[in-house]
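Please look at the sequence and the model first.

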Amino acid sequence: MEDMMRKPRDFDAELKALEEKARQIKVSKLQQLGELVIATGADALSADELAGALIVLAETKDAGKREAWAKRGAAFFQGRSRRTASAPDRDAGGAATQPGGAPSASGGAGAS
């Protein structure tokens, strides 16, 4: 009968491993957010400006604005993946999107 008993699980060790995994995910998330700030050029803003813009974004309930921002974000990421594949296509489409979009995003947030 003793041969049939299985070894008890070490819940403490499993919890410790999960906590470490959660910590690693948080660190990775912070790193990715920092990389995103740099990639979008938002690192040129002061910390106060960036924090203020993010607060306005987080407080916005207008579904239309949020959907438009999501589309711009998706286009940004698609443009970055295309850039690595073919730089000339990215330069033609990205130049008009980036400068033209930034004022409309801040103008839209100020208009609410």
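The sections below cover the basis of the model, the fold, the surface and a pair of rings.

## Basis

This is a predicted model, in which local features need pLDDT of at least 70 and side-chain atom pairs count only at pLDDT 80 or more, while totals for chains, interfaces and linings use all residues. Residues are numbered from 1 along each chain as its sequence is written, and side-chain values use heavy atoms, with hydrogens and water left out.

## Secondary structure

The chain has 4 helices and 0 strands, in the order α-α-α-α from the N terminus. Helices are DSSP runs of H or I with at least four residues, strands are runs of E with at least two, and both are numbered from the N terminus.

## Burial and surface

Of the 112 residues in the chain, 6% are buried (under 20% relative accessible area, 1.4 Å probe, protein chains only). The chain has an accessible surface of about 9,300 Å², and carbon and sulfur atoms account for 61% of that surface. Accessible areas come from the Shrake-Rupley method with a 1.4 Å probe; for residues, only the protein chains shown count as cover.

## Aromatic pair

The chain has 1 aromatic pair (rings of Phe, Tyr or the six-membered ring of Trp, with centres within 6.5 Å). The ring centres of F76 and F77 are 5.3 Å apart and their planes meet at 75°, so the pair is edge-to-face (over 60 degrees; under 30 is stacked and the rest tilted). F76 is buried, at 12% relative accessible area, and F77 belongs to helix α3, residues 63-85.

Technical notes
Buried < 20%, exposed > 50% of the residue type's maximum accessible area, 1.4 Å probe, protein only.
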